[in-house]
Amino acid sequence: MGRAYEYRKARMFKRWDKMAKTFTRIGKDIVLAVKSGTADPDTNARLRVLLQNARAANMPKETIERAIKRASSKDQEDYKEMVYEGYGPHGVAILVESTTDNPVRTVANVRSYFNKLGGSLGTMGMLDFIFDRKCIFKVKNTGNKDLEELEFELIDVGGEEVFLDEETNLINIYGEFTAFGALQHFLEDNGYEIVEADFERIPSDTKTLSEEEAAEVEKLIEKIEEDDDVQRVYHNMA
């Protein structure tokens, strides 16, 4: 089933387990997509896939419309995408993605979480050798396409791995980070229904901890995830 699949199954922390947090994350992504493009999903490919993500998360229509309207408003402050990298307890690598209108506030908060819970915040790029950034698409499985044949077809547009998630019956497609647009266009042009699309950072090396050690790391991760500016948290704990 592949290294990416095994990694996803083995992750030990809960991501986006609270509906409000999920809506906030998607809402900020929508604002960024509109500000960098247009408010029309027909001409904004990134916005189009984010609206699909919103529907998959059961995000209310009015909440989606508010996010688009907010992004189009002159009063909306610009968000900045910031990445923070460091090590938690027991040498676990932790990478934090944030979307913030106040980077000074956000970095101060993230640094305080690391310092208070046994970690240390480092410099940007220090974990590039550990995490590979990938894009992922989840599409409906009609049963009409051989997955090996699909994987072969996707190689030319940056696809790397295709497998069926038996729990959701969705086809998962992993590709190069820079291939997001090309993969999206291929899937849309060939009639695949995209249920969700996102980016992942997959560790090339993992650390195995005892139950007690893992609990210390999870406490730090949970604290970071509670921050309103934080979008995603990745780690290399097995």
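Strand E4, which spans residues 131-140, contains lysine 134; helices (H or I, at least four residues) and strands (E, at least two) are DSSP runs numbered from the N terminus. The model is a predicted one, in which local features need pLDDT of at least 70 and side-chain atom pairs count only at pLDDT 80 or more, while totals for chains, interfaces and linings use all residues. Residues are numbered from 1 along each chain as its sequence is written, and side-chain values use heavy atoms, with hydrogens and water left out.

Lysine 134 counts as buried because its relative accessibility is 15%, where buried means under 20% relative accessible area, exposed over 50%, and partly exposed in between (1.4 Å probe, protein chains only). The side chain of lysine 134 makes a polar contact of 2.9 Å with that of glutamate 160; a polar contact is a pair of N or O atoms within 3.5 Å, and within protein one must be able to donate a hydrogen and the other to accept it, with residues adjacent in sequence counting only if both atoms are side-chain atoms. Apart from neighbours within four places in sequence, the residues in contact with lysine 134 (heavy atoms within 4.5 Å) include Glu160, Tyr174, Phe177, Asp198 and Ile202.

The whole structure holds 16 salt bridges, each being a side-chain nitrogen of Lys or Arg within 4 Å of a carboxyl oxygen of Asp or Glu. In one of them, lysine 28 pairs with aspartate 229, with the closest N and O atoms 3.7 Å apart. This pair links distant parts of the chain, 201 residues apart, since lysine 28 is in helix H2 (residues 19-36) and aspartate 229 is in the loop between helix H8 (211-225) and strand E8 (230-235). Lysine 28 and aspartate 229 are both buried.

Aspartate 29 forms a salt bridge with arginine 232, the closest N and O atoms lying 3.3 Å apart. Because aspartate 29 is in helix H2 and arginine 232 in strand E8, the pair ties together parts that are 203 residues apart in sequence. Aspartate 29 is buried at a relative accessible area of 9%, and arginine 232 is buried at 6%.

## Strands E4 and E7

Lysine 138 and glutamate 196 form a salt bridge whose closest N and O atoms are 3.9 Å apart. Lysine 138 lies in strand E4 and glutamate 196 in strand E7 (residues 194-203), so parts 58 residues apart in sequence are tied together. Glutamate 196 is partly exposed, with a relative accessible area of 26%, whereas lysine 138 is buried, with 17%.
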